[in-house]
Amino acid sequence: METLVERVRRIRRQSLTVRRDIVEMIHAAGSGHPGGSLSCVEILVALYFDAMRIRPEDPQWAERDRFILSKGHAAPALYAVLAERGFFPRGELTSFSAAGSRLQKHIDMHQVPGAELSTGSLGQGLSVAVGMCLADRIDSRDRRVFVLLGDGESQEGQVWEAAMAAAHFGTGSLVAFLDHNQCQVDGRVKDVCDIAPVEEKWRSFRWDVRRVDGHDPAAILAALKAAREAPGPHMIVADTVKGRGVSFMEDRVEWHARPLNAEQYRQAVLDLEAEERRLASS
Amino acid sequence: MESRKRTVAGLERKAALIRRDIWRMIFLSQSGHPGGSFSAADIVTALYFHFLRVDPKNPGWPLRDRFILSKGHACPLWYACLAELGFFPLEHLACLREIDGILQGHPDMRKTPGLDMSTGSLGQGLSIGVGMALGLRAAGLEEPRVHVVLGDGECDEGQVWEAAMAAAKFRLGNLIAFIDFNDLQLDGHCHDVMPLEPLADKWRAFNWRVLEIDGNDMGQVCDAVSSARENGSGGPWAIVARTVKGRGVSFMENRCEWHGKAPDRDEYERGLRELGGDPDADPRFSRPSGPGRWRTAQRLLFAGAREVPTRDAYGEALVELGRERVDVVVLEADISKSTRTQEFSRLFPDRFYQCGIAEADTVGIAAGLATTGRIPFVSTYSVFASMRACEQIRTSVAYPRLPVKLAVSHGGLTPGNDGVTHQGTEDLGVVRTIPGMTVVVPADAAATKALVREAASYPGPVYLRFTRDPVPVLYGPEEEFRIGRGKVLREGGDVLLVAIGDMVWVALEAWERLRREGVAACVVDMHTLKPIDADLLGAKAANAGCAVTVEDHQVQCGLGGAVAEVLGDRCPVPLARVGLADTFAESGTYDFLLQKYRMDPMTVAAAARDVIGRKEGRPHGNPR
């Protein structure tokens, strides 16, 4: 049995691999959204490698937990995690966004093994997750549905419609994460249209709310565990850094959707390798 | 202190007068929404008769305070205040919701003097209020305030929270929102349909200043409005006003069924007495005497025919499906009484989801249910499903090819006197362009029952559109229908009449008129707009040599557009399209609207004569 410390170290290691894959995919494709992909890595790894009940060899397994990447532009992060978890060969990752590839720039559920919903238009994922929870209730299935929302995405009214509905229907099996990296395409969230105070908003919509450092696997695991024991629906506000792990991207709005040139790619790999060495020696 | 007392007492008397006028308007038109008009009456009376700086002689005065009734169905209240202030003569109040009138079923700012905005589709008013407040600020006008009255059920709509976020971001001190919290919406109590509490906390969490008051206590209303208007820099302000739906008439108070119902004579007189009025005294306004402009259209085939709203047949079909198939689930957006899903909800509560006034979310939830092997039927009005949730239908339903059935009521002009906001006259064109979408409009009750059943088993998403008003029954209960296969109702070689939905009977009436003139028309019920029966169309058009399309929809993009596409590809012949000619309609009875907007049998027959005249080898002629 893996101890908590070991789990945390493993998630950190796996997150680094996923970050390298993300950088490589977007560099190879010459297009993609690195900032918001890198900000949510620990959350996705904690879910797919720790919290979620899934069978990579049987993506349609009826008892599986589900994950919806509502901020569908972070597709590279999901693809990297799914490949790492064995849903499809890692070699396929470099086909990201290429013509004929299964790995569309935004997710197509009918093409990607393990992807539960086609997303890319912000604001729609939480509603669909509510529907999934309601179906599980009819089937008396003990499954959970996880959703990752962007912070800019929370400006969409549909998110609040779904928030109200989830509380109304008492969907306790629903766990949403907010990837709160504070940046969106046009600038900082607080300048574009502030969503603060985030926790109060979700509480006033009658959600069970927690706030964590979204790059701290131990905090994420603890929040998931606590959410399991409290009545839902659950919101885990994860404070994250856009572009996390790549020095020149961190907290920089302009890295929302931009490819890396050869020099930037080299630098990104160096940054991630340095982090790997730090991790190995710690 | 004395003066405040006098002001409050005066406003209370005024509010009673306004309520009496509302009561009479709705009684005379036998249509309208009394419950929500009465709950907000004290707030709106206080605004118009004490706070708002407006000029009845100059409704467009740039320095005026702005007022938006976002819960537009309470417009009798708005109209009564404007008439009393002199924006237009009181007599108009006798013609609420009538064709050619200035008082639409839901507010139309281009028809009624004094309205600052057209409303009626819930959830949109606050965004517009934000825009007005920004515009006034940009123009350097510090005095005018923007006042928006929202319904409580309306706060289910996500757009309200988008606007709430934006108003706070822009620090709009000149914006005051009132939430008429009567805790009742169309389908029941808000706390059952979609709980809003803690509502004041929600507004606070969206960075608004909040006042909580009894919205039927004139003193509290006045204090709250004064405070919000005087402390603009701290805004935006939300006044959460606890009210009683139907306040003022005992048998209406807190009764959900009075959301949209007119009193009969006995109820009118009892109610009027409770409101301090005298039924025997001369009324302030009465219906104009003498014949109106419009007459009930003469029918040749369907005079006295049995008529059924196709939404009724949908409700029955749903119940049958619910009994037969456990995978059928139903999602509703607070109008189950209107869409006729109520019986299903009663019989199969575990498979019925009341999602509140939140169409985008409702479609998304349906998509989620569909991913698990369910067959969700989503019901609301055609205009809200197809347009308010259009992108959700496209991206969360059609793109993932999920078998969500959008079964919608109030198609075309059949919502009649509700007016433009509730008439779905662009829906078919909108949904038809979405890849993988099947679009079906049954002509009558029998067709509805058969096609709803077909749709449940049909792969992928299906859009089904029903009527609010009754339409003649054309088919027997045993008639069989296949999605994608049009039905030939009459054979004839002179002209092809292709009709859809509630216009099939209109085409048959036209057929009879033409027959009496010796013209043999072929009549096709093209119940499936997409995939359209191109083989049938091509063959019949080739045989007749000319065609007329007949639809309760804009003539562009709907049936007329689809038929023109097919004929252009396969068999170009002279074509006329009968339907709404790129225009919005208005409030009025369905029958009168069909005449006024040239969608009646006479128009179809004239169009047929026109295309016959344009056939090759014939002299060009336009009989009209």
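**Entry 1**

I looked up Glu269(B) and Arg265(B), whose side chains meet in a salt bridge at 3.3 Å, N to O. I take a salt bridge to be a side-chain nitrogen of Lys or Arg within 4 Å of a carboxyl oxygen of Asp or Glu. The model is predicted, so I note that local features need pLDDT of at least 70 and side-chain atom pairs count only at pLDDT 80 or more, while totals for chains, interfaces and linings use all residues. Residues are numbered from 1 along each chain as its sequence is written, chains are lettered from A and ligands numbered from 1 in the order in which they are written, and side-chain values use heavy atoms, with hydrogens and water left out.

Glu269(B) and Arg265(B) both lie in helix α10 (residues 265–274) of chain B, four residues apart, about one turn of the helix. Helices here are DSSP runs of H or I with at least four residues, numbered from the N terminus. An α-helix has 3.6 residues a turn, so residues three or four places apart point the same way. I also checked the accessibility of Glu269(B): at 23% relative accessibility, Glu269(B) counts as partly exposed. The cut-offs are under 20% relative accessible area for buried, over 50% for exposed, and partly exposed in between (1.4 Å probe, protein chains only).

**Entry 2: other salt bridges**

I found 64 salt bridges over all chains. One joins Arg19(A) to Glu42(A) at 2.9 Å, N to O. Arg19(A) is in helix α1 (residues 4–29) of chain A and Glu42(A) in helix α3 (residues 41–51) of chain A, so the pair ties together parts that are 23 residues apart in sequence. Both Arg19(A) and Glu42(A) are buried.

I then looked at the rest of α3(A): 10 of its 11 residues are buried, so α3(A) is largely enclosed by the rest of the structure. Among the buried ones are Leu44(A), Tyr48(A) and Phe49(A).

In chain B, Arg468(B) forms a salt bridge with Asp469(B), the closest N and O atoms being 3.0 Å apart. Both Arg468(B) and Asp469(B) are buried. I also noted a network of salt bridges linking Glu316(B), Glu320(B), Glu324(B), Lys449(B) and Arg453(B).

**Entry 3: where the chains meet**

I counted contacts (heavy atoms within 4.5 Å). In chain A, 42 residues are in contact with 47 residues of chain B. The two chains bury about 3500 Å² between them, 62% of it on carbon and sulfur atoms. Buried area is the accessible area (1.4 Å probe) that two parts lose on being put together, summed over both.

Which salt bridge did I find between the chains? The side chains of Arg374(B) and Asp139(A) meet at 2.3 Å, N to O. On the chain A side, α5 (125–138), α6 (157–169), α7 (189–193) and α8 (198–204) each supply at least two residues that touch chain B. The most come from α6(A), with nine residues.

**Entry 4: nonpolar cores**

A nonpolar core is a set of buried Ala, Val, Leu, Ile, Met, Phe, Trp, Tyr and Cys residues joined through side-chain atoms within 4.5 Å. Of the 120 residues in the largest one, Trp202(A), Trp207(A), Trp161(B), Trp203(B) and Trp208(B) touch the most other members. Here too α6(A) gives the most, with nine residues. I followed Trp161(B): not counting residues up to four places away in sequence, Trp161(B) touches residues including Trp160(A), Met164(A), Leu199(B) and Phe206(B). A second, separate core of 67 residues includes Phe302(B), Val440(B), Trp511(B) and Phe592(B).
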